[in-house]
Amino acid sequence: MTVVSTSSAKAPTVDRILVGYLLILVSTICFSASNNLAKESYSHGVSVDTMLVGRSWSLAVLLGLWFVARRRRPTIPAGMTGWVIAAAMLFSANAWSLLSSFDVMPVSLSILVFYLFPFLVGLLAAVMGIEKLRGATVVGLVVAFLGLILTLDTEGSPDLWGIFLAFIAGVAIALNILISGKLFRRGMSAVAVAFWMTVGGAVFFSIGLLAGDGLELPGGSAGWGAFIGTILFVGIAFVTFYSAVARLTESRTALVMNLEPVFTILIAVVVFGEPFGWSQWLGAALVTLAVVWVSAAGYRR
């Protein structure tokens, strides 16, 4: 899950900050559970397209209800419609690539490759002249790369297609973050950006589903449990995420969200029995520390 920027007119109180940290922790755990349940759903006959349609429409409806409850509109700043469409397309590419990578390789490895995106944001921002490349980003990228070498050192050949999909997911969300920053600077709210991205994704995925093999629903109660569970968990994750964003700065939110790979791996290994050797644990630790290092450096700025 990506972290979107927001600002608050009032300085948060200590209680507000503590509640915010609790909410983002719940959100991170729920995103991790949803990732693993998506993988479990595939083993019970659910297709990637079906999963994407179910999740995207559920989130679009959820965010739509958020605006109805607050009697607000997800307005788009003048002249920014094209950028919103581009953000929605990148958001959709991210979701399709990441969930597709779960179908061909372990969730734990997919998430670790995907979590290169914080470094990609820094690199792309430097290339585009948005901000200078920080030394912390370079150091973090080197450490994360070494960690990935250890993590992807599995028995047999690693799934190159799965690695490619997870990496493309990271590139797509990195570009999405940069475009989202442009929208925020034009006054668009974080929830409005998320709403139009999920609506766009729901439409794109529905077209893909109709053009493909149609709905491929799970077989058996375990399959349905995993399928419904991933949708419920991602819904809870989004609600608690935006509730946390309203209470914390984006830097604090991002820092806690970096725990997502840790929780994803723990759930994958402990609950679903994915194999994970000592060298992979060491590699995962290096990747996680590198991401936290870069985020903390940004927070100190």
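Is Ser56 buried or exposed? That was my starting point, and I kept in mind that this is a predicted model.

**Ser56.** I found Ser56 in helix H2, which covers residues 48–69. Its relative accessibility comes out at 8%, so I put Ser56 down as buried, the cut-off being under 20%. Next I checked what the side chain is doing. A polar atom of the Ser56 side chain sits 2.7 Å from the backbone oxygen of Leu52. Then I listed the neighbours, skipping residues up to four places away in sequence: Ser56 touches Thr198, Gly201, Ala202 and Phe205.

**Nonpolar patch.** I went to the surface next. Which residues form a nonpolar patch there? I got Trp57, Ile85, Met89, Val203, Phe204 and Ile207, with about 560 Å² of accessible area together. Helix H3 (81–104) and helix H8 (190–211) each give at least two residues to the patch. The largest share is from H8, with three residues.

I took a look at one member, Ile85, which lies in helix H3. Ile85 has 44% relative accessibility, so I logged this residue as partly exposed.

**Helix H4.** Last stop: how many of the eight residues of H4 are buried? I counted eight of eight in this helix, residues 107–114, so my note reads "mostly covered". For the record, the buried residues in H4 are Val107, Ser108, Leu109, Ser110, Ile111, Leu112, Val113 and Phe114.

Technical notes
Residues are numbered from 1 along each chain as its sequence is written. This is a predicted model: local features need pLDDT of at least 70, side-chain atom pairs count only at pLDDT 80 or more; totals for chains, interfaces and linings use all residues. Side-chain values use heavy atoms; hydrogens and water are left out. Helices (H or I, at least four residues) and strands (E, at least two) are DSSP runs, numbered from the N terminus. Buried means under 20% relative accessible area, exposed over 50%, partly exposed in between (1.4 Å probe, protein chains only). A polar contact is a pair of N or O atoms within 3.5 Å; within protein, one must be able to donate a hydrogen and the other to accept it, and residues adjacent in sequence count only if both atoms are side-chain atoms. Contact means heavy atoms within 4.5 Å. Patches are made of residues with over 30% relative accessible area and no salt bridge: like charges are joined within 9 Å, nonpolar side chains (Val, Leu, Ile, Met, Phe, Trp, Tyr) within 5 Å. Accessible areas come from the Shrake-Rupley method with a 1.4 Å probe; for residues, only the protein chains shown count as cover. A salt bridge is a side-chain nitrogen of Lys or Arg within 4 Å of a carboxyl oxygen of Asp or Glu.
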